[in-house]
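Subject: Structure handover

Hello,

Here is the structure for you to look through. My notes on what was found in it follow below.

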Amino acid sequence: MLPTAPRTTRLLWWLMLLLCFMPLAGRGGDAPGNYVVIGFGSEACQTFLQARSSGLDLPYRHWLTGYLTAVNKMTPNTVDMRGKTDIDGMLGLLEPYCIKHPLHSFSRAVEFLVTDLYPKRLTHMPHAP
């Protein structure tokens, strides 16, 4: 049987080697930062505004909440990017951006929203009352 110190050292080396081959969470995309947008995020802002004015924005709500769930998971020190902003508030914040940039994609508008929400995000789970 090996003495404790060399055995511990050997175990640590194996763990470090294993960590080298594990995928790390981080920013996705290729080197310039390009990535494929799937679903309603690829629609133009003007299409989102039309759907919103017709009360047909449910697919955009779902896309936004899925995107924010991924942001919450992938952003360090973030529990909830929304902070205290609800879904209607977030969609309301997207409207001025989309009015100003009707040809931008909905995903680009949401990226702008995330940048705006970041300072207000929750960094710890709220305590139950």
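A helix here is a DSSP run of H or I at least four residues long, a strand is a run of E of at least two, and both are numbered from the N terminus. On that basis, the protein chain reads α-α-α-α-α along the sequence, with five helices and zero strands. Please keep in mind that this is a predicted model.

Overall figures

The protein chain has 129 residues, and 24% of them are buried. Among contacts with a separation of 6 or more, 69% are between residues 24 or more positions apart.

Helix α4

Helix α4 covers residues 87-100. Its 14 residues should span 20 Å at 1.5 Å a residue, and the end C-alpha atoms are 21 Å apart, which agrees. Which residues of α4 are buried? They are Met90, Leu91, Leu94, Tyr97 and Cys98. The cover over these buried residues includes α2 (45-53), α3 (58-74) and α5 (106-117).

The disulfide

The count comes to one disulfide. As a reminder, a disulfide is a covalent bond between the sulfur atoms of two cysteines. In this model Cys45 is joined to Cys98, with an S to S distance of 2.3 Å; the cut-off for calling a disulfide is 2.5 Å. Cys45 belongs to helix α2 and Cys98 to helix α4, so the pair ties together parts of the chain that are 53 residues apart in sequence. The torsion about the S-S bond is about -45°, so this disulfide is left-handed. Cys45 has a relative accessible area of 0% and is buried. Cys98 is buried too, with a relative accessible area of 0%.

Aromatic rings

How many aromatic pairs does the structure hold? There are seven. One of them is formed by Phe48 and Tyr60, which sit edge-to-face at 5.4 Å centre to centre with 65° between the planes. This pair links distant parts of the chain, as Phe48 is in helix α2 and Tyr60 is in helix α3, twelve residues apart. Phe48 and Tyr60 are both buried.

Phe48 also pairs with Phe106, and here the arrangement is tilted, at 4.9 Å centre to centre and 40° between the planes. Because Phe48 lies in helix α2 and Phe106 in helix α5, this pair ties together parts that are 58 residues apart in sequence. Phe48 has 0% relative accessibility and therefore counts as buried, the cut-off being under 20%. Phe106 counts as buried as well, at 0% relative accessibility.

Ring pairs join these residues into a cluster made up of Phe40, Phe48, Tyr60, Trp63, Tyr67 and Phe106.

A charge over a ring

One further item concerns Arg121, which lies over the face of Tyr118. The distance to the ring centre is 3.8 Å.

Where to look

Regards

Terms used: Residues numbered from 1 in each chain as written. Predicted model: local features only at pLDDT ≥ 70, side-chain atom pairs only at ≥ 80, totals over all residues. Heavy atoms only, no water. Buried < 20%, exposed > 50% of the residue type's maximum accessible area, 1.4 Å probe, protein only. Contact = heavy atoms within 4.5 Å. Expected span 1.5 Å × (residues − 1). Phe/Tyr/Trp six-rings, centres within 6.5 Å; stacked < 30°, edge-to-face > 60°. Lys NZ or Arg CZ within 6 Å of the ring centre and 35° of its normal.
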